[in-house]
Each structure stands twice: as structure tokens, then as C-alpha cells.
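Let's read a model together, one feature at a time. Have a look first, then we'll talk it through.

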Amino acid sequence: MISIARTARAVAVVWRAGRADLAAYVVLAPIAGALPVLAAWLTKLVLDRVTDTAGGPILGVATALAVVSVGLALVPHLTNYLRADLGRSAAVVALDQLYAAWPP
């Protein structure tokens, strides 16, 4: 029970520290997990279209694979930046709360 209360308090500190950064991080985290699966699936489609004469046009699938590859390169850096920025901002907010409550 204590850990749930501490987790809720930590989330409240991070929420106060940076709502936009937290929202972006929450959106990007599942995308970062899904991109490798999407890249593998698109690679399969590209290879199927290259090896099969009736596979259909390849340009659209290859373009989608290129876009996903750029996402694979960028999203980890964005999530690392957001995590570090949230950590710094949360530390400032936590210290502010600590110093505000200091004289008992």
C-alpha cells in the first residue's frame, strides 16, 4: 500500500514538472516498442514483392519501410531526451517541495 502511495506521489511530481514532456514520453514509449515489429513486417513485404513477379508495386512498401527506419533512428533519442528532461525537472520540483516543507 505504501508503494502505491509513493508511486502516485512520484507521478504527481513528474506531472507537475512537465506535463507536455510526460505526455510525449507516454505516447512515444509504445511507438518505440512497435517500430521494430513494423520494420520486420515491412521488410518481409518488400522481400515478397521482390521475389514474386505478381507481388505488386514495391515503391509504396519501400517508402513505408524507409519512414519506419527513420523512426527507428529518431525515437530512441527522443525518448532518452524526454526521460532526462523529465528527470531534471522532477528533481527541481522535488527539491522545491522538500525545501518548502523543511521548517517543521
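Q: Is the crossing of H2 and H3 left-handed or right-handed?

A: A crossing is left-handed if the near helix is turned anticlockwise from the far one by less than a right angle, and right-handed if clockwise. Here, H2 and H3 cross in the left-handed way. Helices are DSSP runs (H or I, at least four residues), numbered from the N terminus. Before going on: this is a predicted model, where local features need pLDDT of at least 70. Residues are numbered from 1 along each chain as its sequence is written.

Q: At what angle do H2 and H3 pack?

A: Axes are lines fitted to C-alpha atoms over the stretch in contact (heavy atoms within 4.5 Å), and angles run from 0 to 180 degrees between N-to-C directions. For H2 and H3 the angle is about 155°, and their axes sit 8 Å apart. That makes the two helices roughly antiparallel (over 145 degrees).

Q: Which residues of H3 are buried?

A: Buried means under 20% relative accessible area, exposed over 50%, partly exposed in between (1.4 Å probe, protein chains only). In H3 the buried ones include Val61, Leu65, Val68 and Ala90. Helix H1 (2–17) and helix H2 (19–51) are among what covers H3's buried residues.

Q: Where does Asp52 lie?

A: Asp52 is in the loop between H2 and H3. Its relative accessibility is 41%, so Asp52 counts as partly exposed.

Note on methods:
This is a predicted model: local features need pLDDT of at least 70, side-chain atom pairs count only at pLDDT 80 or more; totals for chains, interfaces and linings use all residues. Side-chain values use heavy atoms; hydrogens and water are left out. Angles under 35 degrees count as roughly parallel, over 145 as roughly antiparallel, 65 to 115 as roughly perpendicular and the rest as oblique.
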